[in-house]
Amino acid sequence: MSKLKHYETMFIVKPTLTEEETVAQIEAVKALITKNGGEIVACDDMGSRNLAYEIQKHKRGYYFVVYFKGEPTSLKEIERNYRINENIIRFIFIKYENKKEIAAWTKMSDEAAKKAN
């Protein structure tokens, strides 16, 4: 068994969804991460924001960040699900590897957890 790695994923949900549909998309992503062996540490709901440039004719998007630990092999399945989900217009994964990066990840996830409470 390999050691769990530290990750951050940020995704943008279409702004045309209702509040309930947006919440359902976010919960689906969280469930997907845990189903693939990920351990969610914190989430940061950044809300609706203007995009830097138009994506699929949308000028705004709903931003959400998840800090989690997981197996490197599980990222492929999570990314595959992001790509086939028409309601997610952009996403990114960031991997934190060395001690300095992991310390920064810990600090950011702690701040996100405090903000959520």
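Biologist: Which residues of helix 1 are buried?
Modeller: The buried ones in helix 1 are Thr22, Gln25, Ile26, Val29, Leu32 and Ile33. They cover an arc of only 120° around the axis, which puts them on the same side of helix 1. Buried means under 20% relative accessible area, exposed means over 50%, and partly exposed is in between, with a 1.4 Å probe and protein chains only. The arc is that of the directions from the helix axis to the C-beta atoms.

Biologist: Before we go on, what kind of model is this?
Modeller: It's a predicted model: local features need pLDDT of at least 70 and side-chain atom pairs count only at pLDDT 80 or more, while totals for chains, interfaces and linings use all residues. Residues are numbered from 1 along each chain as its sequence is written, and side-chain values use heavy atoms, with hydrogens and water left out.

Biologist: Back to helix 1, then. What's exposed on the other side?
Modeller: Glu20 and Lys35 are exposed there. Helices (H or I, at least four residues) and strands (E, at least two) are DSSP runs, numbered from the N terminus.

Biologist: And what covers the buried residues of helix 1?
Modeller: The cover includes strand 1, strand 2, strand 3, helix 2 (74-84) and strand 4. Contact here means heavy atoms within 4.5 Å.

Biologist: How many bridges join strand 1 to strand 3?
Modeller: Nine, and these two strands run antiparallel. Thr9 stands opposite Val66 in strand 3. Eight bridges join strand 1 to strand 4 (residues 88-96), again antiparallel. Glu8 stands opposite Ile94 in strand 4, and Tyr7 has Lys95 as its bridge partner there.

Biologist: Is strand 1 (residues 5-13) enclosed or exposed?
Modeller: Largely enclosed by the rest of the structure, because eight of its nine residues are buried. Take His6, which is found in strand 1: at 12% relative accessibility, His6 counts as buried. Leaving out residues up to four places away in sequence, His6 touches Phe68, Lys69, Ile94, Lys95, Tyr96, Ile102 and Trp105.

Biologist: Trp105 is one of those. Which residues are buried in helix 3?
Modeller: Trp105, Ser109 and Ala112. They cover an arc of only 60° around the axis, which puts them on the same side of helix 3. An α-helix has 3.6 residues a turn, so residues three or four places apart point the same way. The buried residues of helix 3 pack against strand 1, strand 2, strand 3 and strand 4. On the other side, Lys99, Lys100, Lys107 and Lys114 are exposed.

Biologist: How many residues are in the largest nonpolar core?
Modeller: It has 16, and those with the most contacts inside it are Phe11, Val29, Ile33, Phe64, Val66, Phe68 and Tyr82. The largest share, four residues, comes from helix 1. A second, separate core of 12 residues includes Ala42, Ile55, Tyr63 and Tyr96. A nonpolar core is a set of buried Ala, Val, Leu, Ile, Met, Phe, Trp, Tyr and Cys residues joined through side-chain atoms within 4.5 Å.

Biologist: What does Tyr82 touch?
Modeller: Not counting residues up to four places away in sequence, Tyr82 touches Thr9, Phe11, Val29, Ile88, Phe91 and Phe93.

Biologist: Last one, a loop. Where does Lys57 lie?
Modeller: Lys57 is in the loop between strand 2 and strand 3, and has a positive phi of about 65° although it is not a glycine. At 76% relative accessibility, Lys57 counts as exposed. Gln56 lies in that loop too, with a positive phi of about 50°, and is not a glycine either.

How values were computed. Pairing = 2+ DSSP bridges.
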